[in-house]
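Student: I would like to learn how to read contacts in a model. Where do we start?

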Amino acid sequence: MTTLEGTIPEQPKDQGPSSAEPADDGKRSSRSLIWRRFKRHKLAVVSLWIIIAVYLIAIFADVLAPRPAAHYNPDYPYAPPQSITVTDPGDGRGLGLYVHGYTQEFDEVSWNRYYTENPDELHKLGFFVPSGHEYRFLGLFETDRKVFAPLEPDAPFYLFGADANGRDIFSRAIYGTQISMSIGLIGVVLSLIIGITLGALAGFFRGPIDAVIQRITEVFMSLPTLPLWMALAAALPRDWGPLTIYFAITVLLSLIGWTSLSREVRGRVLTLRSEDYVVAARLDGASRARVIRRHILPSLTSHIIASVTLAVPAMILAETSLSFLGLGLQPPIVSWGVLLQEAQNIRSVITAPWLLIVPSAAVVISTLALNFLGDGLRDAADPYEGAK
Amino acid sequence: MRYAASAATALTVAALALTSCGATAPAASEPTEDNSSTGHIDTGMANGSPALADQLTAPTAESPQLAERVEAGELPELQDRMPAEAVTLIGKDGVGQYGGELQMAMNGNDDDSLIRRYAAYEPMVRWDGDWSSELTPGVARQWEVSEDATTYTFHLQEGIRWSDGEPFTSDDIVFGYQDVLMNEALTPGPTEYLMDPEGNWPEVTAIDEHTVELKFQAPHGLFLMQLARAEEDGKFHRFPRHYLEQFHADYNSDAEQMAEEEGYEDWADMFTAKGWVTLGTGFDSRWMNPELPQLNPWIIENPAYEGTRVTAVRNPYYWKVDEDGNQLPYIDRLVFDVFDSAEVIAFRAAAGNISYQDRHFDHDFRPLLAESMDEYDFSLIDVTSTDMNTLLFNFNHIHPDEQMREVFTDLNFKAGLSHALNRDEIIELVYFGQGEPAQAAPREGSPYYHEELATQYLDFDLDLAAEYLDEVLPDKDDDGRRLGPDGTPFTFAVDVATDRSVEHARVLELAQGHWAEVGITMEIQSMDRDLRNERRDAGEFDVYVRDGSAGLQDAILRPHWYMPYGDSGAYAWSWGSYYLDGEDAGEAPPQDSPAWRQWEIYDEILVTADQERQAELMHELLDVSAEAFWTIGVSTSPNRAGVVANDLRNAPHELFEASAYQNPGPSYPALWWWENPDEAVADDEEDAQEYVDEYEGEDLPE
């Protein structure tokens, strides 16, 4: 592994000519080094902005989504996406952004509604308009204003189309962000903490401590997941809501899922603890805690970041597969996984592809962004490596 | 009074049925206008199903394939294989031509009911194509029932031969009854349809070669209908004595040794695999053993329960003809491809690879089918399901929690919830605007339709709903949620299976909103189907939802949605088990429960022979159902779609669907024929399955 060489202390002296301020490198704090290297990774920077945007969407979902997630309209099942036009209908409403209404026709043979744009029906859109749907803005005050919505609260407004109940997919995708980008991640963080702590302890102290931790790891590894899930499904209190159950499941899964990470960390620590600079630090009288924190853990960062960025998309996707056991998220909760699950039938694929496209796009964009961000962070976390 | 049914009377009744619904029948006509070139014949069936002609016809011609074999000396002449005067079928498209294959799709290897429905509906007495109460002759050409419904005499059609050429006689029936059905080694469970309501076996005697008499100890009023429903096992006339004796220990002392040589566990294991239903797996030998002689139009060629394709070929000894005396069936071979999901079957149908199929098509597949039918030359058929309701809310009347039970059994509670449901919205959003608001009741048009039961508490009226609910749960908290008798917010959970119940989940989501309006909190608990059934069987649930079945002729045979009967009606499964299987199986309802009165009436139906009287009693029974209001219904089930190739003749484009009916069996697939038989050839087995891989690989990721 090249990273082993990369951590040899002499390396900073050889910082390459590509660096803007090579002379100062040795004196800069490693944090600013990391940041500077990260900025060179263009894709990672873009991804960082995307992730920030995604979390902003999650935080301000109530303001951004034109309709509440559960708001349905029996008049517009499977309505296709509308396009926004700039026009002046000439009836006094003035120039502005408009969407067309629909005309629909029910086919008696296929039982399908066929929608076409109604050129005579225009609904004006506006910014920060009252929507008629009250919500508490960040828990502070009641309002019903939405960033971008039609002026008439009842007008059909389906930027990304409607689902079978005439619910706005645009709004639902926005609300889905909240669950998809939060709950699952808690489990990832938990298993990360357990895995690293136990792995580092085992690797660093070796001997009996290592033996005990290894045996515990083996016990956890031998637990079969599927029967365990079934047992959990039966054991969890039934008066918990589906969100609580899902949270409990992710936590429990992370309590079991830390084993492989812990093994990897232990292996790395075992190699690292005999590295010259670690030995040097020990001989200099550094405390164990300091050796672990300052010298060993930073070398592990790249590895940890890589596993986290891979775990996050896996968690987002696992959300759907868990649903088949009745353990995952279920409607009426809105998450991308739930939206995808609702779109997994022939009718949606054939007559309403947007049901599949919108949540898939959300999942793909966020996971890709997280992966690139992870790449960037991993490379940047080893500031001395790429310079060789 | 004696009941004699002959082909002639059956036709008159059917013709009456036609005149009464003649105005509506053609309105729903199928899009295949080119059918008219063949000239439609009135078969007496309102839906254009083939029917029995009122006279017999001498056989005159056979399939060219069989003629070749006669030529080669492998088969006797046609006249030696068939009765001198054979049972005659007529179809709307007239006399057809031989050849072609009929291709269908099974949903999994255990979907053998599909084979049975196409290849093997040959009961003693048959349902007709309109599923009227009048039964038509099958293997029995005529029958008499004693006035007290204890003695049944069947006159068998003369000249019928098994598919190996041996004559079929009353001796086969006596053998099947005494040596197979009553033999506990071969048939461990009770044969319920053959037992009278008190659980006694009848006395079966062969009066002569073609006459069989069954004497029950107690009246068995529904016996003829039980014979017509024919679903489980082909009934008691399926056992060819001459072939099966060799495997039976009572007839062949070497049977045990033979079983050992052939690798069976014992003689019973061998016997059931050769000619009955296997003990362990429940596989039917009719679809496994090509050597087993049968009375059906097609005999299995490529066995079921293994592999991906099952085929059945023409029975050279089939005993029915068309009106010109051509031996049936017209179609050479039935081909059943085995797939593992209904979606794949829908795609197969949409690509024109299914000749005729009336099952496995969800409403959601309809646009797919409708949009590809012109390109691939097929049409949609209209399948009226016996399902009478899209979703029933079964509140647990035997809830372990005293308080819940009190609320759930209160009529006001259920009436209130029913009035609070916006059924029109549910129909519009979930069921494509198809169907009418309805409670759990036999469908309109069935002989047991009960208007009050079907339409009570249906109006969407929140004020009325609140009034009813105030009688049960008058107190509310600050958020407007109703409080239970113990002062905490009253909530209940609905168990819904995660698989295959997408529509139910969507109905529940809407109902949740409707009921929140009147202060009732419902939680939706999605779970695995097995877990859900386990919870139901343990009685540990609040509400169990299911679609309501048995809404046509079968309402009287399977009344579990109208009164506690067996464990299927989840609202009071334990009482139902008590009624059917006695004290050990379930719990007795309280003395004042309407169930007792219903059971009394049903007991009387079981011993009544007169069909009119049966219907009257059923009406009385449903009066009590209306009073008890066991379950809350949503809407009538919309008709389902099926597919039919445009070149297929004589096949009905409208039909009924029920397991008790065995569609399309009663519509005589033996009489169906192809306009272009040379083109009607199934695609290659590997191609068919490759199609699945493609579909599963690309369109819907796991």
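Tutor: With a definition: two residues are in contact if their C-beta atoms, placed from the backbone, lie within 7 Å. By that rule, 25 residues of chain A are in contact with 29 residues of chain B. This is a predicted model: local features need pLDDT of at least 70, side-chain atom pairs count only at pLDDT 80 or more, and totals for chains, interfaces and linings use all residues. Residues are numbered from 1 along each chain as its sequence is written, and chains are lettered from A in the order in which they are written.

Student: Which helix of chain A gives the largest share of the side that touches chain B?

Tutor: Helices are DSSP runs (H or I, at least four residues), numbered from the N terminus. Here helix α14 (residues 346–351) of chain A supplies the largest share, 5 residues.

Student: How do the residues of that side of chain A divide?

Tutor: Ala, Val, Leu, Ile, Met, Phe, Trp, Tyr, Cys and Pro count as nonpolar, Asp, Glu, Lys and Arg as charged, and the others, Gly among them, as polar. The side of chain A that touches chain B has 14 nonpolar, 9 polar and 2 charged residues.

Student: What domains does the assignment give for chain A?

Tutor: Domain bounds come from an automatic or database domain assignment. For chain A it gives domain 1 (13–51 + 181–381) and domain 2 (63–175). Their contact takes 11 residues from domain 1 of chain A and 13 from domain 2 of chain A. On the domain 1 side, α15(A) gives the most, with 5 residues. That side divides into 9 nonpolar, 1 polar and 1 charged.

Note on methods
Helices (H or I, at least four residues) and strands (E, at least two) are DSSP runs, numbered from the N terminus.
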